[in-house]
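I opened this notebook to keep track of what I looked up, one topic at a time.

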Amino acid sequence: MCRDVVLRECHKLAALQHVQVRSDRLQGDPFFDLANFSINQRLSEDAQLLLIQDYEGAVTPTARARLGLLRLMSDFREAMWGVLQQGISTLDVDFVAYADEHFERLLHNASGVAFEAALAEAARG
């Protein structure tokens, strides 16, 4: 997590590692929720910038990097959930395809110059 992250109340999924319990409320990095929303809704780059602008009040290089990297982690989480469900679920759902879809998108988005730039910016931020 970036050094300047302010924890805020989030979506109440206590099982996720990005959440920390503080007294009786769940708090975490709201960018994880924004990233999860933006990747699963397949927001364009412009729409992602609008999301940051609306939430933060300004688009900064660090905010763009955080959103981009947490979008990758959202796909990783979804893919691993699909892997887990392959072993435990009794639902008639193709969890292999579900996991594959998220792993493929993760690998696609984690390659290239934009990913390397986001890592560098997050390290500075």
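**Ground rules.** I am working with a predicted model, where local features need pLDDT of at least 70, side-chain atom pairs count only at pLDDT 80 or more, and totals for chains, interfaces and linings use all residues. Residues are numbered from 1 along each chain as its sequence is written, and side-chain values use heavy atoms, with hydrogens and water left out.

**Whole chain.** I looked up the secondary structure and found five helices and three strands. Helices (H or I, at least four residues) and strands (E, at least two) are DSSP runs, numbered from the N terminus. Along the sequence I read the pattern β-β-β-α-α-α-α-α. Next I checked burial: of the 125 residues in the protein chain, 37% are buried. Here buried means under 20% relative accessible area, exposed over 50%, and partly exposed in between (1.4 Å probe, protein chains only). I also looked at contacts, meaning heavy atoms within 4.5 Å. Among those between residues at least 6 apart in sequence, 49% join residues at least 24 apart.

**Helices α1 and α2.** How do I describe two packed helices? I use the angle between their axes and the distance between the axes. For α1 (residues 30-40) and α2, I noted an angle of about 150° and axes 11 Å apart. The axes are lines fitted to C-alpha atoms, for helices over the stretch in contact, and angles run from 0 to 180 degrees between N-to-C directions. The angle therefore makes α1 roughly antiparallel to α2; the classes are under 35 degrees for roughly parallel, over 145 for roughly antiparallel, 65 to 115 for roughly perpendicular, and oblique for the rest. On the α1 side, the contact is made by P30, F31, L34, F37 and S38, and on the α2 side by Q48, L51, I52, Y55 and E56. I sorted the residues of this contact into seven nonpolar, two polar and one charged. For that sorting, Ala, Val, Leu, Ile, Met, Phe, Trp, Tyr, Cys and Pro count as nonpolar, Asp, Glu, Lys and Arg as charged, and the others, Gly among them, as polar. I also listed the buried residues of α1, which are P30, F31, F32, L34, A35, S38 and I39.

**Q48.** I found Q48 in helix α2 (residues 45-56). Is Q48 buried or exposed? Q48 counts as buried because its relative accessibility is 10%. Setting aside neighbours within four places in sequence, I see Q48 in contact with S38, L43, L67 and R71.

**Salt bridges.** I searched the whole structure and got five salt bridges, each a side-chain nitrogen of Lys or Arg within 4 Å of a carboxyl oxygen of Asp or Glu.

- R42 pairs with E101, with the closest N and O atoms 3.1 Å apart. R42 lies in the loop between α1 and α2 and E101 in helix α4 (residues 95-109), 59 residues apart. R42 is exposed because its relative accessibility is 55%, whereas E101, at 36%, is partly exposed.
- E45 meets R64 at 2.6 Å, N to O. This pair links helix α2 to helix α3 (residues 61-88), 19 residues apart. E45 is partly exposed at 41%, and R64 is partly exposed at 40%.
- R105 meets D75 at 2.7 Å, N to O. R105 sits in helix α4 and D75 in helix α3, 30 residues apart. I found R105 and D75 buried.
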